[in-house]
Amino acid sequence: MKTLNIGDLAPQFSLLDQNENLVSLAQFHGKKVLVYFYPKALTPGCTTQACGLRDSRAELDELNVVVLGISPDLPKKLAQFVEKKELNFTLLSDPDHQVAEAFGVWGEKKFMGKTYDGIHRISFLIDENGRILQVFDKFKTSEHHQMVVDFVRGQNGK
């Protein structure tokens, strides 16, 4: 697994969202985009992370940051996640994990003694020109949103 780094050009992609609309990274040129990869909709850790981003939406909007969550879940499952947790950002379906592989977040994982391939919980903040500005790979799901907000605020203060 070779994860992309700060300064790398983000891979261009188009995926179906929770409403089965095609969404492309290119649509957000000129804005910062938080592309966050999570393993599975409606699981405890992923719900905590998503709800933190949901509750930070106003701050992220002020900072010109668009949120795109990506998992292998199908659009129907993503729609349930959005509805049940009242999420206010776009979730994208990557069932064949091609986008996860392009970003270097698909790889071997271990859980309860089992080894399997899956998505690693890693987020990428992409700048207005499509370059990776920051990689968030070590965080508690409950603190992810605040790390992103604090980082962008710090960038804007420079």
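Gln 134 touches Ile 6, Ser 123, Phe 124, Leu 125 and Phe 151 once its neighbours within four places in sequence are left aside, a contact being a pair of heavy atoms within 4.5 Å. The residue lies in strand β9, which covers residues 132-136; helices (H or I, at least four residues) and strands (E, at least two) are DSSP runs numbered from the N terminus. With a relative accessibility of 18%, Gln 134 counts as buried, where buried means under 20% relative accessible area, exposed over 50% and partly exposed in between, with a 1.4 Å probe and protein chains only.

The structure is a predicted model, in which local features need pLDDT of at least 70 and side-chain atom pairs count only at pLDDT 80 or more, while totals for chains, interfaces and linings use all residues. Residues are numbered from 1 along each chain as its sequence is written, and side-chain values use heavy atoms, with hydrogens and water left out.

Phe 124, one of the contacts of Gln 134, also belongs to the largest nonpolar core, a set of 25 residues in which Phe 13, Val 35, Phe 37, Phe 103, Phe 124 and Ile 126 have the most contacts. Such a core is a set of buried Ala, Val, Leu, Ile, Met, Phe, Trp, Tyr and Cys residues joined through side-chain atoms within 4.5 Å. At least two residues of this core come from each of β3 (32-37), β4 (65-71), α4 (98-103), β8 (123-126) and β9. A second, separate core of 24 residues includes Ala 41, Phe 81, Phe 139 and Val 148. In soluble globular proteins, nonpolar side chains tend to be buried together.

Cys 46 is found in helix α1, residues 44-55, and is buried, because its relative accessibility is 1%. An unreviewed UniProt entry carries the annotation "active site" for Cys 46; UniProt positions are given in the numbering used here, feature names are shortened, and annotations may be inferred rather than shown by experiment.

Charged side chains also pair up in this model, and the count comes to five salt bridges, each being a side-chain nitrogen of Lys or Arg within 4 Å of a carboxyl oxygen of Asp or Glu. In one of them, Asp 61 pairs with Arg 57, with the closest N and O atoms 3.0 Å apart, and both residues lie in helix α2 (residues 57-62), four residues apart, or about one turn of the helix. Asp 61 is partly exposed at 43% relative accessible area, and Arg 57 is likewise partly exposed at 32%. Another salt bridge joins Glu 59 to Arg 153 at 3.3 Å between the closest N and O atoms; Glu 59 lies in helix α2 and Arg 153 in helix α5 (residues 144-156), so this pair ties together parts that are 94 residues apart in sequence.

On the surface, Phe 111, Met 112 and Tyr 116 form a nonpolar patch with about 380 Å² of accessible area together. Patches are made of residues with over 30% relative accessible area and no salt bridge, like charges being joined within 9 Å and nonpolar side chains (Val, Leu, Ile, Met, Phe, Trp, Tyr) within 5 Å; accessible areas come from the Shrake-Rupley method with a 1.4 Å probe, and for residues only the protein chains shown count as cover. Tyr 116 lies in strand β7, residues 114-119, and is partly exposed at 36% relative accessibility.
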